[in-house]
Amino acid sequence: VSIVILHLDSRAALLACLKSCRTIQYSNYEIIIVENGSRVALAPDALRDCAGRAPSVIRSPVNLGFAGGNNLGIRAALAQGADYVLLLSDDTEVAPEFLDVLVQAGEQDKHIGALGPTIYYFDDPKRIWFAGARFDAQTCRVVASRSGELDDGGPTDPIESDWLTGCCLLMKRYALEKVGYLDERFFLYWEDTDWGLRLRACGLRNVVVPFARIWHKISLSAGGTDSVLKAYHKTRSHLQFAQVHAPRALWALQRGIMRDIAWLLIKSRQPDRLRKAWAYAAALKDYHAGRSDRGPRWLWTNG
């Protein structure tokens, strides 16, 4: 298993993630860190001390986005002979047995192409963030089953899912060879949903394995759950996704975005309402312009 960890600048989160990886019981794995336009290079000794082994480091001088950055790691993993590639966000911490459980489930069914764990909120460690999801092609919306629920035991067998979050996504080698890499038109968000639907279209299965567990520090790398950066990229990528997978929903989505802009300008009292309204408008404009890069520079500043 090659564990690919995409990293921008959340250094403390990355080191905590590597420290938790040190406890992984499964032994046959390597770690590949992709420095995705990081401002300060990582110190090899600090990485080795945290991970208990020396990770490989791939450095991109520019931010290639979630899909582009992870694709660098996926290509390196496959070139090194990996049977599985695990995409793991640097703002997660893992249970020691999680990788054993995922690989065992994957080995039992050749029709499974990708597997994911139950993911919990780090600050509320028994509350579920992700345990499978369904895609509604009529509305181009996703519904994450059990999201926000406290874990009361629930199902024990693998759970069928339309897609799996890229926060922690174990991809079989033959699935990657059949489906292809992440679509780099999605700079941030919706690329994992796109890949999961493409996998299903190839006749393979996405499953959540309940006894595999990790914890997610939600959206640290995107400035929080309600950041202007997230508003722009989720909106632009959602429209791009709808164009590919649910074109009939495109007009309704755009109408909803325009309503959100009007609400922010007229009724909202949020302190950053003007920046957020501009982020939605910019996302709409840039989608129609075919833009797929990191977006306007002002999104990445705090001003």
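Helices here are DSSP runs of H or I with at least four residues, and strands are E runs of at least two, numbered from the N terminus. Keep in mind that this is a predicted model. Counted that way, the protein chain comes to nine helices and 12 strands. Its radius of gyration is 19 Å, close to the 19 Å the globule rule gives for 303 residues, so the chain is as compact as a globular protein of that length.

What about the inside? Of the 303 residues, 53% count as buried. Looking at contacts with a sequence separation of 6 or more, 75% are between residues 24 or more positions apart.

Now zoom in on a pair of helices, α7 (residues 228-245) and α9 (residues 273-288). Their axes come within 8 Å and cross at roughly 30°. Angles under 35 degrees count as roughly parallel, and α7 and α9 are therefore roughly parallel to each other. The crossing of α7 past α9 is right-handed. On the α7 side, the residues making the contact include Val 228, Tyr 232, Arg 236 and Leu 239, while α9 brings in, among others, Arg 275, Ala 279, Leu 284 and Tyr 287. Sort the residues of this contact by type and you get 10 nonpolar, three polar and four charged.

Elsewhere, have a look at Asp 124, which sits in strand β7 (residues 124-130). Is Asp 124 buried or partly exposed? With a relative accessible area of 29%, Asp 124 is partly exposed.

Definitions and conventions. Residues are numbered from 1 along each chain as its sequence is written. This is a predicted model: local features need pLDDT of at least 70, side-chain atom pairs count only at pLDDT 80 or more; totals for chains, interfaces and linings use all residues. Side-chain values use heavy atoms; hydrogens and water are left out. Axes are lines fitted to C-alpha atoms, for helices over the stretch in contact, and angles run from 0 to 180 degrees between N-to-C directions. Angles under 35 degrees count as roughly parallel, over 145 as roughly antiparallel, 65 to 115 as roughly perpendicular and the rest as oblique. A crossing is left-handed if the near helix is turned anticlockwise from the far one by less than a right angle, and right-handed if clockwise. Contact means heavy atoms within 4.5 Å. Ala, Val, Leu, Ile, Met, Phe, Trp, Tyr, Cys and Pro count as nonpolar, Asp, Glu, Lys and Arg as charged, and the others, Gly among them, as polar. Buried means under 20% relative accessible area, exposed over 50%, partly exposed in between (1.4 Å probe, protein chains only). The radius of gyration is taken over C-alpha atoms; the globule rule is 2.2 Å times the number of residues to the power 0.38.
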